[in-house]
Amino acid sequence: MPIRTLSVVIILGAVTSLVAQTPVPSAAPKPIPSFDLNAIDKSIDPCVDFYKHACGNWMKNNPVPPDKARWGRFDELYDNNVYILRELLVQAQAPGQHSATEKLVGDFYTSCMDEATLESKGTAPLKPQLAQVDNIKTRADLIKQVAYMHRNGMPALFAFYSQPDMHDSLQTIAYLDQGGLTLPDRDYYIKDDAKSVETRQKYREHVQKMFELAGDKPDVVAAEATTVLAIEANLAQASMDRTERRDPKNRDHKMTLTEIAAAAPNFDLASYLASNGSPKFSNLNVGNPQFFKQVNEHLNTVTLADWKTYLRWKTINANAQVLTKAFFDEDFAFNGKYLYGQQQPEPRWKRCVKATDQNLGMALGQLYVDKTFGPEGKERTLKMVKAIEKAMQQDISELTWMSDTTKKQAYEKLNAIVNNIGYPDEWRDYSSVTITTDDYAGNVESASAFEVKRQYNKIDKPTDRKDWTMTPPTVNAYYRPPMNDINFPAGILQPPFYATSMDDAVNYGAIGVVIGHELTHGFDDQGRKFDAQGNFRDWWTPEDGKQFEERAGCIDKEYSNFVAVKDAQGEVKLKGKLTLGENTADNGGLKLAYMALSEILKNASAQSVDGYTPQQRFFLAYGQVWCQNVTDQEARKRAVTDPHSPGQWRVNGAVQNSATFQQVFGCKQGQPMVSANACRVW
Ligand SMILES: [Zn+2]
């Protein structure tokens with residue numbers, strides 16, 4: 001879904017004294033070891049707490065830095081990438097001949113680093129947008145303003161985007177959906193525990209301060225903040241929760257424009273679509289029709305003046321990162337510090353590198369790939385993917401609970417999975433984006449509008465399966481059910497995930513499990529509902545479907561007992577259903593990667609390295625990928641919003657279910673890492 005990236009990123013903060021001309025700070029941190037003996041805490045028995053055994057010393061030696069909310073080996077690696085990206089950007093800024101791509105990203109970075117110009121402009125970049133909101137005279141104007149905001153990447157009221165048709169994945173169609181919230185989840189508006197009440201009070205104060213910074217009189221801002229909270233609470237009440245949204249059938253509502261317009265006439269969708277810059281279309285899916293019906297009432301009962309206050313807020317909030325230091329500081333105080341527990345903002349240069357990655361990521365990514373990732377990187381990874389796909393084929397064939405009828409369909413799906421490695425085949429054409437060195441707000445707006453337009457232009461066209469949703473330097477990977485593809489950006493294909501210098505045991509424990517994890521997503525609670533072509537279709541016999549649900553239910557129950565955070569404000573447990581797909585993928589990935597490794601080790605002599613057998617090193621490499629520390633605040637937010645379990649449970653949850661792990665480390669019945677009711681789906 002297109003978003004004005006800068007308004008929603010978690011890494012927020014105040015301006016530091018660095019400017020573009022300042023000498024570059026010290027070189028990048030040291031490379032990250034793939035398998036780190038120094039991370040291990042030998043005083044902890046691996047059968048009692050494997051995560052602490054694998055990561056204990058790392059955790060002691062790597063507290064969360066003051067400018068981060070979470071610090072793990074993924075974050076460490078991305079931080080290294082940020083140094084590489086900065087070097088590329090500084091080179092692109094230097095005088096001399098540059099390619100169009102270098103000029104584009106170099107100029108964007110310059111505009112972000114030029115704090116003096118941002119300060120001198122004050123609220124000027126915001127004024128025309130706020131004036132537009134002030135000029136709203138009718139409800140028709142209101143909807144047109146929402147269209148304007150969406151066109152420029154500013155979220156408000158609801159969402160409109162393009163996605164493959166759930167029933168014909170070869171075609172991409174238009175989607176209308178719930179939206180318009182500012183806090184991380186609907187729960188934040190609805191729950192009545194002490195922490196939620198406190199958060200809403202802090203949010204109210206934050207909205208007030210932001211209105212004041214935008215020039216509103218101190219005597220009206222309290223009432224304005226109350227209005228914003230009331231409207232967003234209404235939107236939250238009408239929204240479906242994250243867990244419900246995991247089930248594709250809850251989002252599957254093909255409707256004609258006439259049908260949804262009749263069900264929610266106050267949205268004036270015809271007028272909205274005439275002004276949001278999207279092409280005319282024939283197919284539409286409404287993610288949550290109930291949302292539109294419910295909010296339809298509010299569009300009438302809430303006064304026009306109050307709706308204008310809400311749009312005013314959404315405009316200010318969307319621009320908080322591109323204005324003066326005062327806006328940055330207030331934004332950081334609430335989001336960075338209060339919500340996520342960051343003690344201080346990251347240095348400006350890091351925020352500007354990340355902003356370039358977020359806004360022009362496929363241009364910056366091209367430079368990154370040229371520097372760091374040769375064609376041999378694709379080859380090596382593809383070889384591992386093939387080995388793990390073969391393991392999955394074998395795994396499916398050995399399942400005792402699945403009928404041959406369903407197995408046949410599962411093989412078909414497995415064989416149809418497309419592997420995308422490193423970076424896209426074709427680089428994105430940014431030539432229509434206007435970037436200048438002295439207009440940061442304008443640059444972000446131009447890049448956001450470009451991305452929105454690019455997404456809208458996919459509507460009613462054959463699905464573009466070659467388009468990537470993550471930029472090349474990203475340290476992550478993903479599976480897309482409608483595309484039935486697995487994707488590994490170049491950023492993750494390096495230590496601690498992969499190193500040519502390491503043996504297979506370590507590489508399979510790290511990137512191998514990641515590959516197995518993504519493959520398993522095609523067959524988790526959500527992925528299994530899509531077929532080989534990426535269509536939402538039940539290809540399971542009813543009995544096999546029941547067997548799957550039973551096994552997934554075991555994982556749900558197991559992880560629901562894990563504590564995500566325990567602090568002065570109480571204990572929060574993981575949501576077993578929200579994290580079900582990721583936990584299933586972790587368990588499956590670990591098994592598949594181990595099977596692939598065993599195939600390789602069959603013909604090799606099992607040599608111990610550093611006192612660990614290859615089999616033990618496989619599990620340690622897996623554990624160490626997830627070494628992390630996190631602030632209590634961030635852990636709380638993730639327990640509500642993140643479908644991934646925290647590192648501790650990604651590791652211990654999976655090994656508790658693994659008889660192989662228990663055998664490799666000689667664990668005994670009754671020890672904590674030996675589950676009495678081991679769960680297994682794949
Ligand atoms: Zn995943």
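This is a predicted model: local features need pLDDT of at least 70, side-chain atom pairs count only at pLDDT 80 or more; totals for chains, interfaces and linings use all residues.
Ile-417 sits in the loop between helix 19 (404-416) and strand 5 (418-422). Helices (H or I, at least four residues) and strands (E, at least two) are DSSP runs, numbered from the N terminus. Ile-417 is buried, with a relative accessible area of 7%. Buried means under 20% relative accessible area, exposed over 50%, and partly exposed in between (1.4 Å probe, protein chains only). Leaving aside neighbours within four places in sequence, Ile-417 is in contact with Glu-389, Asn-484, Asp-485, Ile-486, Leu-519 and Phe-523. Contact means heavy atoms within 4.5 Å.

Residues are numbered from 1 along each chain as its sequence is written, and side-chain values use heavy atoms, with hydrogens and water left out.

**Zinc site**

Which residues hold the zinc ion? The protein donors are His-517 (NE2), His-521 (NE2) and Glu-582 (OE), lying 2.0 to 2.1 Å from the zinc ion. Donors are N, O and S atoms within 2.8 Å of the metal (3.2 Å for Na, K and Ca); water is not among the atoms, so sites may look incomplete. Along the chain the donors follow the spacing H-x3-H-x60-E. His-521 lies in helix 21 (residues 504-521) and Glu-582 in helix 23 (residues 580-601), so the pair ties together parts that are 61 residues apart in sequence. His-521 is buried at 10% relative accessible area. Glu-582 is buried too, at 12%.

**Disulfides**

The structure holds four disulfides. A disulfide is counted as a pair of cysteine sulfur atoms within 2.5 Å. With the bonded cysteines numbered in sequence order, the pairing is 1-7, 2-6, 3-4, 5-8. Among the four are these.

| Pair | S to S distance | Torsion about S-S |
|---|---|---|
| Cys-47 and Cys-667 | 2.0 Å | about -80° |
| Cys-55 and Cys-627 | 2.1 Å | -85° |
| Cys-112 and Cys-352 | 2.1 Å | about -80° |

The torsion of Cys-47 and Cys-667 is about -80°, so that disulfide is left-handed. Cys-47 lies in the loop between helix 1 (5-8) and helix 2 (50-61) and Cys-667 in the segment after helix 27 (659-664), so the pair ties together parts that are 620 residues apart in sequence. Both Cys-47 and Cys-667 are buried.

The link of Cys-55 and Cys-627 is left-handed as well. Cys-55 lies in helix 2 and Cys-627 in the loop between helix 24 (614-625) and strand 11 (628-630), so this pair ties together parts that are 572 residues apart in sequence. Cys-55 and Cys-627 are both buried.

For Cys-112 and Cys-352, the torsion is about -80°, so the disulfide is left-handed. Here helix 4 (residues 100-113) holds Cys-112 and helix 17 (residues 348-372) holds Cys-352, 240 residues apart. Cys-112 and Cys-352 are both buried.

**Charged side chains**

How many salt bridges are there? The count comes to 46. A salt bridge is a side-chain nitrogen of Lys or Arg within 4 Å of a carboxyl oxygen of Asp or Glu.

Arg-186 is buried yet has no salt bridge. The nearest side chain of opposite charge, Asp-187, is 4.3 Å away. Lys and Arg count as positive and Asp and Glu as negative; His and the chain ends are not counted. Arg-186 lies in the loop between strand 3 (168-178) and helix 8 (187-190). The side chain of Arg-186 reaches the backbone oxygen of Ala-236 at 3.2 Å.

Asp-187 does form a salt bridge, with Lys-575 (3.3 Å, N to O). The pair links distant parts of the chain: Lys-575 in the loop between strand 10 (570-573) and helix 23, Asp-187 in helix 8, 388 residues apart. Lys-575 is partly exposed at 30%, whereas Asp-187 is buried at 12%.

Arg-638 and Glu-634 are four residues apart, about one helical turn. Arg-638 is partly exposed at 23%; Glu-634 is buried at 2%. Helix 26 (residues 647-656) is mostly covered, with nine of its ten residues buried.

Methods. A polar contact is a pair of N or O atoms within 3.5 Å; within protein, one must be able to donate a hydrogen and the other to accept it, and residues adjacent in sequence count only if both atoms are side-chain atoms.
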